[in-house]
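Work through the exercises below with the structure in view. Try each task before reading its solution.

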Amino acid sequence: MAASRALLPSPHATATPARARARLAAAAAAPSSLTFAARRGGARARVVRCAILSSPAPAKAAEEQPTKRISRAGSNGALRPKPAVLVAEKLSEAGLAVLREFADVECAYGMSPAELLAKVAQFDALIVRSGTKVTREVLEAGRGRLRVVGRAGVGIDNVDLQAATEAGCLVVNAPTANTVAAAEHGIALLASMARNVSQADAALKAGKWQRNKYVGVSLVGKTLAIMGFGKVGSEVARRAKGLGMHVIAHDPYAPADRARAIGAELVSFDEAITRADFISLHMPLIPTTNKVFNDESFGKMKTGVRIINVARGGVIDEDALVRALDSGKVAQAALDVFTVEPPAKDSKLVLHENVTVTPHLGASTVEAQEGVAIEIAEAVVGALKGELAATAVNAPMVPAEVMSELAPYVSLAEKLGRLAVQLVAGETGIKGVKVVYTTTRGPDDLDTRLLRAMVTKGIVEPVSSTFVNLVNADYTAKQRGLRIAEERVSHDSATAEAPLESIQVRLSQVQSKFAGAISDGGDIVLEGRVKYGVPHLTLVGPYEVDVSLEGNLILCRQIDQPGMIGKVGNILGQRNVNISFMSVGRTFRGKQAIMAIGVDEEPNKETLDKIGAIPAIEEFVFLEL
């Protein structure tokens, strides 16, 4: 497979050699999704919006390029350029050895931001951990030579992904090597908390012998709820089963067969927190999980529940946890992560007598540190060689001429995926996805990898912290149990110039928050087309519509009767919500119809409730694209 190429052409590009690449930037916002069902109440969910933008990548004159380092290559004495790698934070010798086989390596630990800015232009790759900020200024200081940033670990909060993509710099991480270490630390905190190990240790060292005060609780036979059943959560489950615990788990996108193989029972969020004696957190920090453990969720738990967090501090409302600990609702907590790290010295949570704390030690084992070093070193070397890597976290590259033609369909594919995932209800998640392309092109004349990747991106990113792109889309789908099938439908038109007539996304074996999106075959069906360069939604379930996929969208399923457009329009108009598009599709006259309304502003809850109160409206959903 060819090495990475740019995703989107620059809008400012002029005539350049064929090997010149345009750059892609991936921008993220955080839109919201509200689902309402008339007479059945409403539910609110937050989703993440990731847009695809373009950015120029001006070519550098030869004399502006930093001088490459030269090394001997082979016994004939011929000289060739050798990549240079800057390691800005401590990396084990095992990882450095991998790097040195391919590149010149310089270790410069403890650099100030100014020193990094002055040095980075001399290198092809930069490796950091969590302490070094790879900002836009750092990437710009690379002056076009810096091609790869390696993050030795999972989180990439300290790397400006958009700036890296704009600079044509690939970002890779090491997401798997510390999995076992994090799981073991979770189990260590579980056992330590249950038996009051840290408190008893501190008391004994202070000269106190308090056997009666530190009576613990047994783990065997207790129910452990694992919130987030990914790599670390699965490993915790295996170990907890060995301790004789009953394991339940919540993760809408965890493969059911993997849970069954481990012996865990997949349940809803509310069921998990209400049944559990212990709750172990392993979920990403995204808008939908930010402070998801708050006063309301603590109130649903058993009195005396115990909580372990080795994931992300922000998933817990720390003030709410202190209140739950003070009231006795939560008996104990064991925390390795915090909203702000390090936490304040006078933190009520850290100082609470029923809380066990460690300073973010989840990956801190000798073996994990060596594994992370080797994993990131291999990823960086592969990227410098031009190989595609499953650990790439920013945009991949495709030929500029292909991207120029497919650009509007890329946006359409992602938006259909995002709409589809917002319509799914229940706790089973999405398993079967079918993407149908109607096209005049033959199989050899239309590469759908990018479109399939964008459908996957639209489905996965709103509910996880995973960055999906052409490099890792298929791998990500497989890891999450998503079976994505593709089908081509021939479109007979001798004059058609567009590569695609339409894209259809079908989700099978799922429940829908919006029954109108269910086709006669029982699948959620959405179809769209590109008109005048703009993605349009043209089919929802069995209903034909025609609405631009821009701004906000309201879908209403209603009884087909006169005056409905006027009633909804009046409600929106009275509240200064401007309608940009409106389309009505129906199956039979006087039966049911779907009204698709594009609006410029987000209606408030009162406005949406009033729309839902119209007698003829059976259900509706509000979506922000």
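**Exercise 1.** In this predicted model, find the hairpin formed by β25 and β26, and say which residue in the turn has a positive phi.

*Solution.* Start at the turn: two residues lie between β25 and β26. Gly-541 is the one with a positive phi, about 55°. Next, check the pairing. β25 and β26 (residues 543–548) run antiparallel and are joined by four bridges. Within this pair, His-536 faces Ser-548 in β26.

**Exercise 2.** Find how many bridges pair β24 with β25, and in which sense.

*Solution.* Strand β24 covers residues 524–531. Six bridges pair β24 with β25, in the antiparallel sense. Gly-528 stands opposite Leu-537 in β25. These two strands also form a hairpin, with two residues between them. In that turn, Tyr-532 has a positive phi of about 55°.

**Exercise 3.** Decide why β25 is largely enclosed by the rest of the structure.

*Solution.* Take residues 534–540, the seven residues of β25. Buried means under 20% relative accessible area. Six of the seven are buried, so the strand is largely enclosed by the rest of the structure.

**Exercise 4.** Give the strand order of the open five-stranded sheet, then name its edges.

*Solution.* The order is β8-β7-β9-β10-β11, with parallel pairing. From one strand to the next, the twist averages 20°. Now look at one pair: β10 (residues 148–151) and β11 are parallel over four bridges. There, Val-148 stands opposite Leu-170.

How values were computed:
Residues are numbered from 1 along each chain as its sequence is written. This is a predicted model: local features need pLDDT of at least 70, side-chain atom pairs count only at pLDDT 80 or more; totals for chains, interfaces and linings use all residues. Side-chain values use heavy atoms; hydrogens and water are left out. Buried means under 20% relative accessible area, exposed over 50%, partly exposed in between (1.4 Å probe, protein chains only). Two strands pair if DSSP finds at least two bridges between them. Axes are lines fitted to C-alpha atoms, for helices over the stretch in contact, and angles run from 0 to 180 degrees between N-to-C directions.
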